[in-house]
Amino acid sequence: MSSAASAGMPRSNKWVILFTIVAMTFMSTLDSSIVNIALPVMQEELGAIPLGMAAVGPAAGALSDRIGSALPCFTGLVIYAVGIAFTGSLPATAPLAVIVVGMLVMAVGTGLFQSPNNSLVMGSVAPEHLGFAGSVISLVRYLGMSVGVSGGSALLYGRMSEGAGYVVDAFIEGRPDLFCSGFSFTFAVIAALVAAGNV
């Protein structure tokens with residue numbers, strides 16, 4: 001049995017796998033960059049998010065070794081989509097604890113997705129191409145970091161500018177409604193991309 005088959009994904013789907021990891025890396029970087037740009041006062045509280053991803057990641061890798069990678073990947077995307085939809089729908093008056101819960105749900109989804117997805121990518125190529133596959137994963141992660149900041153800023157501040165009637169490039173004190181509009185719009189875009197990834 002080939003490594004691709006043992007991972008639960010035939011070789012013919014290697015481009016689907018590559019697109020999915022590109023989209024997921026972009027989305028996970030996008031939402032974290034939006035939070036860091038627009039909500040600097042929350043950064044200390046949101047420190048639990050990488051801890052949540054770190055806690056779930058090894059367990060997800062072990063699970064994919066036992067049952068295959070496809071189901072954990074799909075489940076992680078679904079959980080991530082639920083977290084995005086929940087967090088993006090929160091009103092401006094939502095307590096910080098509720099926002100953190102939504103972000104943690106996304107962290108769990110991301111952590112559940114990443115390790116099995118790496119396994120799918122590495123299992124979709126022949127042994128002589130493992131080095132190249134690993135470099136593609138790294139390339140996509142760094143691409144997500146760079147594109148996520150600019151893309152997230154464009155979506156967030158573009159929507160805020162539309163609501164304000166002038167160009168906005170920062171959080172406006174006293175106008176949480178503008179931020180929530182941009183936040184909800186951006187997360188709706190991400191949710192749509194996650195839904196495409198699930199399909």
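Is Phe179 buried or exposed, and at what relative accessibility? At 8% relative accessibility, Phe179 counts as buried. Buried means under 20% relative accessible area, exposed over 50%, and partly exposed in between, with a 1.4 Å probe and protein chains only. The model shown is predicted: local features need pLDDT of at least 70, side-chain atom pairs count only at pLDDT 80 or more, and totals for chains, interfaces and linings use all residues. Residues are numbered from 1 along each chain as its sequence is written, and side-chain values use heavy atoms, with hydrogens and water left out.

**View 1. The protein has 7 helices and 0 strands.** Along the sequence the pattern reads α-α-α-α-α-α-α. Helices (H or I, at least four residues) and strands (E, at least two) are DSSP runs, numbered from the N terminus. Of the 199 residues, 44% count as buried. Among contacts with a separation of 6 or more, 75% join residues 24 or more positions apart; contact means heavy atoms within 4.5 Å. The protein exposes about 9900 Å², and carbon and sulfur atoms supply 69% of it. Accessible areas come from the Shrake-Rupley method with a 1.4 Å probe; for residues, only the protein chains shown count as cover.

**View 2. The largest nonpolar core has 24 residues.** Ile84, Met160, Phe187 and Val194 have the most contacts inside this core. Two or more core residues come from each of helix H4 (70-88), helix H5 (96-123), helix H6 (130-164) and helix H7 (176-198). H7 gives the largest share, 6 residues. A nonpolar core is a set of buried Ala, Val, Leu, Ile, Met, Phe, Trp, Tyr and Cys residues joined through side-chain atoms within 4.5 Å. In soluble globular proteins, nonpolar side chains tend to be buried together.

**View 3. Helix H4 has 19 residues.** From its first C-alpha to its last, H4 reaches 27 Å, close to the 27 Å expected at 1.5 Å a residue. The expected span is 1.5 Å times one less than the number of residues in the helix. Buried residues of H4 include Pro72, Cys73, Leu77, Tyr80 and Ile84. Ile84 also belongs to those with the most contacts inside the largest nonpolar core.

**View 4. Helix H7 has 23 residues.** Its end C-alpha atoms are 32 Å apart, which agrees with the 33 Å that H7 should span at 1.5 Å a residue. Among its buried residues are Leu178, Cys180, Ile190, Val194 and Asn198. At 44% relative accessibility, Ala188 counts as partly exposed. Ala188 and Ser89 are 99 residues apart in sequence, yet 8.9 Å apart in space, C-alpha to C-alpha.

**View 5. Phe179, Phe183 and Phe187 form one aromatic cluster.** The whole structure holds 2 aromatic pairs. The ring centres of Phe179 and Phe183 are 5.4 Å apart and the planes lie at 40°, so this pair is tilted. Rings of Phe, Tyr and Trp (its six-membered ring) pair if their centres lie within 6.5 Å; planes under 30 degrees apart count as stacked, over 60 as edge-to-face and the rest as tilted. Phe179 and Phe183 are 4 residues apart in helix H7, about one helical turn. Phe183 is buried at 7% relative accessible area. Phe183 and Phe187 form a stacked pair, 4.3 Å centre to centre with 25° between the planes. These two residues also lie 4 residues apart in H7, about one turn. Phe187 is buried, at 1% relative accessibility. An α-helix has 3.6 residues a turn, so residues three or four places apart point the same way.
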